[in-house]
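Subject: Structure handover

Hello,

Here is the structure for you to work with. My notes on what was found follow below it.

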Amino acid sequence: MEKLDACIRNHDREIEKMCNFHHQGFVDAITELLKVRADAEKLKVQVTDTNRRLQDAGKEVIAQTEEIIRCRIQQRNITTVVEKLQLCLPVLEMYSKLKEQMNVKRYYSALKTMEQLENVYLPRVSQYRFCQIMIENLPKLREEIKEISMSDLKDFLESIRKHSDKIGETAMKQAQQQKTFNTALQKHNNATYGKNIYVINGRIPESKNEIIPKRGLEEEDEHEEEVLTAHDLVDFSPVYRCLHIYSVLGDGETFENYYRKQRRKQARLVLQPQSNMHETVEGYRRYFSQIVGFFVVEDHILHVTQGLVTRAYTDELWNMALSKIIAVLRTHSSYCTDPDLVLELKNLIVVFADTLQGYGFPVNRLFDLLFEIRDQYNETLLKKWAGLFRDIFEADNYSSIPVATEEQYKIIISKFPFQDPELDKQSFPKKLPMSQSVPQIYTQVKEFIYASLKFSESLHRSSTEIDDMLRKSTNLLLTRTLSSCLQNLIKKPHLGLTELVQIIINTTHLEQACKYLEDFITNITNISQDTVHTSRLYGLSTFKDARHAAEGEIYTKLNQKIDEFIQLADYDWTMSEPDGRASGYLMDLINFLKSTFQVFTHLPGKVAQTACMSACQHLSASLMQMLLDSDLKQISMGAVQQFNLDVIQCELFASSEPVPGFQGDTLQLAFIDLRQLLDLFMVWDWCTYLADYGQPTSKYLRVNPSTALTLLEKMKDTSKKNNIFAQFRKNDRDKQKLIETVVKQLRSLVNGMSQHA
């Protein structure tokens with residue numbers, strides 16, 4: 001502490017020394033300052049006075065200066081405003097232009113104006129509030145344009161949906177007229193150069209060359225030029241406009257997807273047929289027109305726009321549509337029962353295919369479908385001709401055609417290729433061997449060939465293929481339709497033997513005419529029958545089968561008639577003596593057979609002989625069955641003798657040669673079983689029968705032991721009941737024992753035969 005106090009004292013002494021050293025200077029400064037204060041006061045008064053006087057003098061200058069400043073500021077502001085207005089005016093003008101374009105629906109130009117506003121004008125004046133309002137409105141305007149253009153597109157899509165059938169009808173008409181013109185031109189060239197054009201265009205060759213005048217071709221050409229195109233019928237500007245708008249907006253892909261999606265929906269609607277489409281040709285025509293119109297529009301869009309519709313897209317859409325079309329046509333064509341409607345459907349499909357082929361769409365599958373429809377067409381033709389054949393057969397009187405004059409004869413010959421030199425030598429009036437149905441059937445077969453040929457037109461097939469188709473369809477007509485009609489006709493119960501004989505004659509002449517049908521087809525197609533792949537007509541087998549069926553029916557009806565006469569038999573099986581003459585029913589039967597076989601003179605010899613032999617065999621079997629009937633319990637010798645008289649008449653009929661051509665006693669052999677059986681009982685030659693039984697040279701070789709036993713037992717029962725053999729039993733008991741012995745031996749023979757069997 002002492003040190004600190006000492007230090008403080010030292011510092012205080014130093015401070016005191018310093019103050020003493022500077023004190024005089026301080027006093028002098030104060031003295032000077034007091035002198036200056038007086039001068040300052042004086043100067044202040046002078047400055048204040050000067051300032052007052054200066055302020056009074058500068059008030060006017062200040063006022064003028066402030067006025068100048070204000071004017072300069074206004075001038076600067078005006079210049080700035082002018083400059084800013086010069087920047088804003090183009091923006092306002094462009095916006096006004098945009099509004100005007102929107103009002104007049106120039107949306108594509110409006111989008112271009114928006115683009116200029118956004119990229120050029122608005123950035124220059126972006127600091128202004130109205131520019132911000134414009135900038136906010138531009139996206140709304142874009143959306144409005146998109147909505148309006150999309151609405152126009154929807155209206156366009158609805159319009160082409162409604163007008164697609166008209167567009168398609170126009171396109172198909174144009175394609176058909178072009179094809180007609182080309183065909184006429186080819187015929188004209190054919191007439192000029194003398195070439196066959198059948199293979200070229202698939203048309204039926206005319207009997208005379210058709211020469212198309214030049215004027216006619218020019219008129220056809222002028223008419224064709226008047227046909228409107230799809231672009232003439234539909235305004236496509238909404239599509240172009242909408243496409244451009246969406247492209248400018250950078251949303252082209254969305255537009256493409258929407259357009260394709262909507263068109264796919266419309267395609268499905270177009271491809272959906274009406275349920276009753278198959279009833280009329282107009283239903284098919286409207287269906288095809290809508291499809292053609294749809295794809296004509298797509299083809300036009302493909303060629304006038306880039307990217308909206310591509311070839312791959314149209315091909316995919318067409319393949320989808322083609323599969324649906326084929327399925328629809330398969331279904332609806334199967335309902336068609338009218339060949340004329342099927343033919344019109346085929347023509348529509350050909351025009352439909354040719355039209356779309358002209359636009360670059362592949363149509364091979366449609367022509368393949370036509371071959372399926374051709375089978376359907378042939379089926380409807382076969383059904384129609386089956387009705388025609390039935391009507392012809394129903395209307396026929398099954399008698400020879402009477403010809404009174406040569407003109408009538410020529411008319412018939414022009415319809416049916418009939419040649420008979422012997423008949424030509426006869427004078428009029430005369431009769432043709434066939435009935436009226438033969439030339440009618442032949443004519444209808446030719447008409448069928450014409451009808452079948454109509455379907456082959458425009459199918460782009462060679463003459464060889466067409467020839468093959470014609471022959472196959474004609475074979476179906478002969479082997480199935482005509483054959484079935486003939487078989488049904490032959491089996492009709494109301495037909496008599498005369499009608500059946502006439503049917504056999506008719507089929508013979510139709511069979512002979514088959515070669516002329518082959519020549520007829522050859523003349524149409526110009527394909528020789530000698531060609532390796534040429535089919536043959538099967539008419540020969542058809543008519544042979546019908547003839548065999550008719551022959552069998554003749555045999556059956558003859559036998560039925562014989563059975564009817566047999567049922568009239570009224571034998572008294574217990575009579576003691578015969579009547580001395582043949583039974584009435586049998587004589588009537590023989591007279592019937594004689595008159596019937598006289599009708600058979602026009603039949604082939606073998607047919608008549610077979611019918612006669614069959615009738616005699618059936619008569620013999622029926623008479624034998626009558627003797628052996630289990631319901632017949634007893635037979636007298638008188639009844640056997642009466643029965644023998646009837647058999648003799650049968651043998652006389654057989655020996656009278658009712659049908660020429662039999663050798664010797666061939667026909668009489670039909671009654672050999674009856675003859676030997678009756679001889680055995682009439683002569684009572686049992687010893688010979690039993691002794692020679694089993695020998696090839698036996699006199700009674702055709703008599704079966706069981707048959708003889710059955711008949712003998714019937715006669716044995718009669719002897720017991722009626723006492724017929726009473727005198728023999730009294731006078732000759734040995735003979736009675738012989739009968740008993742014969743019965744036993746016959747039974748042993750029968751038992752031996754059964755054991756051996």
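Arg 747 is partly exposed, with a relative accessible area of 40%. The cut-offs: buried is under 20% relative accessible area, exposed is over 50%, and partly exposed lies in between (1.4 Å probe, protein chains only). Its side chain meets that of Glu 713 in a salt bridge, 2.8 Å from N to O. The pair links distant parts of the chain, 34 residues apart: Arg 747 sits in helix 27 (residues 733-756) and Glu 713 in helix 25 (residues 705-722). Glu 713 is also partly exposed, at 26% relative accessibility.

A salt bridge here is a side-chain nitrogen of Lys or Arg within 4 Å of a carboxyl oxygen of Asp or Glu. By that rule there are 21 salt bridges. Helices are DSSP runs (H or I, at least four residues) and strands likewise (E, at least two), numbered from the N terminus.

This is a predicted model: local features need pLDDT of at least 70, side-chain atom pairs count only at pLDDT 80 or more, and totals for chains, interfaces and linings use all residues. Residues are numbered from 1 along each chain as its sequence is written, and side-chain values use heavy atoms, with hydrogens and water left out.

Two further salt bridges

Arg 53 and Asp 49 pair at 3.0 Å, N to O. Both lie in helix 1 (residues 2-103), four residues apart, about one turn of the helix. Arg 53 is partly exposed, with a relative accessible area of 47%. Asp 49 is partly exposed too, at 29%. Asp 49, Arg 52 and Arg 53 are linked in a salt-bridge network.

Asp 375 forms a salt bridge with Arg 374, with the closest N and O atoms 3.5 Å apart. Asp 375 is partly exposed at 40% relative accessibility. Arg 374 counts as buried, at 17%.

Helix 15 against helix 16

How do the axes of helix 15 and helix 16 cross? They come within 10 Å and cross at roughly 140°. Helix 15 covers residues 437-456, and helix 16 covers residues 463-490. Axes are lines fitted to C-alpha atoms, for helices over the stretch in contact, and angles run from 0 to 180 degrees between N-to-C directions. The two helices are therefore oblique to each other. Under 35 degrees counts as roughly parallel, over 145 as roughly antiparallel, 65 to 115 as roughly perpendicular, and the rest as oblique.

The helix 15 side of the contact includes Ile 441, Val 445 and Phe 448. The helix 16 side includes Ile 466, Met 469 and Leu 470. Contact means heavy atoms within 4.5 Å.

Ser 483 is in helix 16. At 12% relative accessibility, Ser 483 counts as buried. Leaving out residues up to four places away in sequence, Ser 483 touches Leu 477, Leu 478 and Thr 542.

Ile 521 is in helix 18 (residues 514-525). Ile 521 is buried, with a relative accessible area of 0%. Which residues does Ile 521 touch, not counting those up to four places away in sequence? They are Ile 449, Asp 467, Leu 470, Arg 471, Thr 474 and Leu 537. Ile 521 and Arg 471 are 50 residues apart in sequence, yet 7.6 Å apart in space, C-alpha to C-alpha.

Best regards
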